[in-house]
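Visitor: I have a model open and want to read its architecture. Could you take me through it?

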Amino acid sequence: MKLLILVTLLGLSSAQFSPNTRSGRTSIVHLFEWRWADIAAECERYLAPNGFGGVQISPPSESIVVTNPSYPWWQRYQPISYKLCSRSGNENELRDMITRCNNVGVNIYVDAVINHMCGSGGGAGTHSSCGTYFNANTKEFPGVPYSALDFNDSKCKTGSGEIENYNDVNQVRNCRLVGLLDLALEKDYVRGKVADYMNKLIDMGVAGFRVDACKHMWPGDLSAIYGRLKNLNTKWFSSGSRPFIFQEVIDLGGEPIKASEYTGLGRVTEFKYGAKLGNVVRKWNGEKLSYLKNWGEGWGMMPTGKALVFVDNHDNQRGHGAGGASILTFWDARLYKIATGFMLAHPYGVTRVMSSYRWNRNIVNGQDRNDWIGPPSSSGGVTKPVTINSDSTCGNDWVCEHRWRQIKNMVIFRNVVNGQPLSNWWDNGNNMIAFGRGNRGFIIINNDTWSMDITLNTGLPGGTYCDVISGQKEGSRCTGKQVTVGSDGRANFKISNSDQDPFIAIHASSKL
C-alpha cells in the first residue's frame, strides 16, 4: 500500500512539470492586466494562428480596490475572497475566455495568490472588486470565509509581525510579507478553501497555475494543496492530465530558502535567467555573448526540466523582485529583442514572453517613483480595451511585445526546432555568437561594435531561407533578408553593428 501511494504521488508531481500545450506549441505569453474579453479575442485572432501555447492571466480572484494611489497594479495581489470578479471581468467573461482560448488550442494559466489575503492596513468595508464586505483589522473575510483563526500571526515571532530578516526561514514563511495577512496553510480548512478555488478554475478549463510568493509558503503545505487538485478537464485535455504548476521563488543565491526546495513540486521561475542574461546583453561587468556557450545549468541555474524562464516579468520590469537594473524590458527595445530572440532559440526551460503596458516613468536615484501605476484605465479605474492598429501593434498604451514581428517569429522558430539539440556553436570570443538547433534552425547575433561578414556551418539542408527577424516568408517570397545555404550546410551572414535588429534567424519552415 505504501508503495502504491508513493508511486501515485510521484506520478502527480512529475506530471505537474508539463505545460500541457497542444502539439507543436512551446511558449507562454503573460498578457499582464488584460481584460478577459480581450484575451479571448487575442487567442482567436493572433495567438493560435502564430503558434503560442498558452496565456498567463492576472489573478482572477476578488481583490481589494485601492484609490490612493489610484488603482495600482498590485491591488490584484491582495485577495478579499475567491470569487471570480476582478477588473479584467466577471466570472461569465472569465469562463467564456477560457472556453474560447481552449477551443483554438491556447491554454490558460492562472496567477494564483494563495499565500495571503489583503494587507493589514486594508481596513474594513466593501472596497473590493465584487463589493464583498471584509475587515482586515479583525481578519474577517466572510466571502471565503476566513477568520482570525486562519492566519499565521501567532506563529510569527517578530515584534512587528512582518518579515524583518530574510535569513530567518521561519520569518519568511510565517510572518507578513509587506503587511499582507499571512494564511495558515498548515490548517486543513485553509488548504481546503485554496484547493476549492483552484479546482473550480480547473473545472472551467484552465491548464495550470503560476503560484505567487511560494518562497513564503512551506513546501509541505504546497504539496498538500497540489495533491488535492483535480485532473484537467477532459473536454480539452487528455484523461489523467495534471495541472501545470510553476512557482514564483526568487532565488538569486545568498538566502537560506532555495528554489531547489520547490522543484520537486512543479517548475520554478528561474530568476537568475533574466538577471544574468541582462548583464551579458548589456555587456556589463565584462560579460560577453561568447560566455553563453554553456548557458543554463552551466551558469548555476536549476535543471532545464524544472525551469520556467523569462527575460523580464511584471515585477522586475518595475525594479521589484529580482535582477535590479540589469533586467531588460521593452524600454530597451533593441537589446530586449536580442535577449528574447536568444531565449526563444535556446533549448533551456519552458519560455514565457512578457506583454506589458506603458506608464509614465519617474526615475529618481535609479528608482521609478511611478512603479505602482496600474493598467491603462479610464476614470474609476476601468481598464481600457486592447485596441489593434492597422500595422498589428496595439493602442491605448498596451505595448504587446508578443506582437513584435521579431518576437512572434521567434516563438514560431522555437516551435519548429522543438526537441532538437543545440548544435554548431560558434563565437568570436567576444559578442558575436551563432548556434543551430539540429537541422531545423539557426540563429546568429552580432552584439559587437563592428560589422560581421562570416560564413558558417548552419547544419541546415541547402536552399534559400527567409530571415524571420528582418521579415518573414510570405507565400513564395521573403519580406526581409534572404539566406542561401549551400549543399554543404554553409551560409554567409552579413550583420551591421548599426542594424536595429543585429541578428538573423532561419528555420525549416522559413525555407522557400
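What follows is a short exchange about this predicted model.

Visitor: Which strands, in order, form the closed barrel?
Guide: The barrel holds eight strands, with parallel pairing. From one strand to the next, the twist averages 30°. The order is 1-2-3-8-9-10-11-12.

Visitor: Which residue in strand 2 is the bridge partner of Ile28?
Guide: Strand 1 covers residues 28-31 and strand 2 covers residues 54-57. They pair in the parallel sense over three bridges. The partner of Ile28 is Gly54.

Visitor: At what angle does helix 2 run to strand 2?
Guide: Helix 2 spans residues 36-47. It lies across strand 1, strand 2 and strand 3. Its angle to strand 2 is about 165°.

Visitor: Are helix 3 and helix 5 parallel or oblique to each other?
Guide: Helix 3 (residues 91-103) and helix 5 (residues 188-204) have axes 9 Å apart. They pack at an angle of about 50°. Roughly parallel needs under 35 degrees and roughly perpendicular 65 to 115. The pair is therefore oblique.

Visitor: How many charged residues are in the contact of helix 3 with helix 5?
Guide: Helix 3 brings Glu91, Leu94, Arg95 and Ile98. Helix 5 brings Lys200, Leu201 and Met204. Four of the contact residues are nonpolar and none polar, and the charged ones number three.

Visitor: What is the volume of the largest cavity?
Guide: The count is one cavity of 30 Å³ or more. Residues lining the largest cavity include Asn115, Arg173, Glu186 and Trp218. By class, the lining has four nonpolar, three polar and five charged residues. The volume is about 40 Å³.

Note on methods:
Residues numbered from 1 in each chain as written. Predicted model: local features only at pLDDT ≥ 70, side-chain atom pairs only at ≥ 80, totals over all residues. Heavy atoms only, no water. Axes fitted to C-alpha atoms, helices over the stretch in contact; angles between N-to-C directions. Helix = DSSP H or I, 4+ residues; strand = E, 2+ residues; numbered from the N terminus. Parallel < 35°, antiparallel > 145°, perpendicular 65-115°, else oblique. Contact = heavy atoms within 4.5 Å. Nonpolar A, V, L, I, M, F, W, Y, C, P; charged D, E, K, R; others polar. 1 Å grid on protein atoms, 1.4 Å probe; cavity = no way out; pocket = protein on both sides within 12 Å on 5 of 7 lines; lining within 4 Å. Points joined across faces, edges and corners; volume = space filled by probe spheres on them. Pairing = 2+ DSSP bridges.
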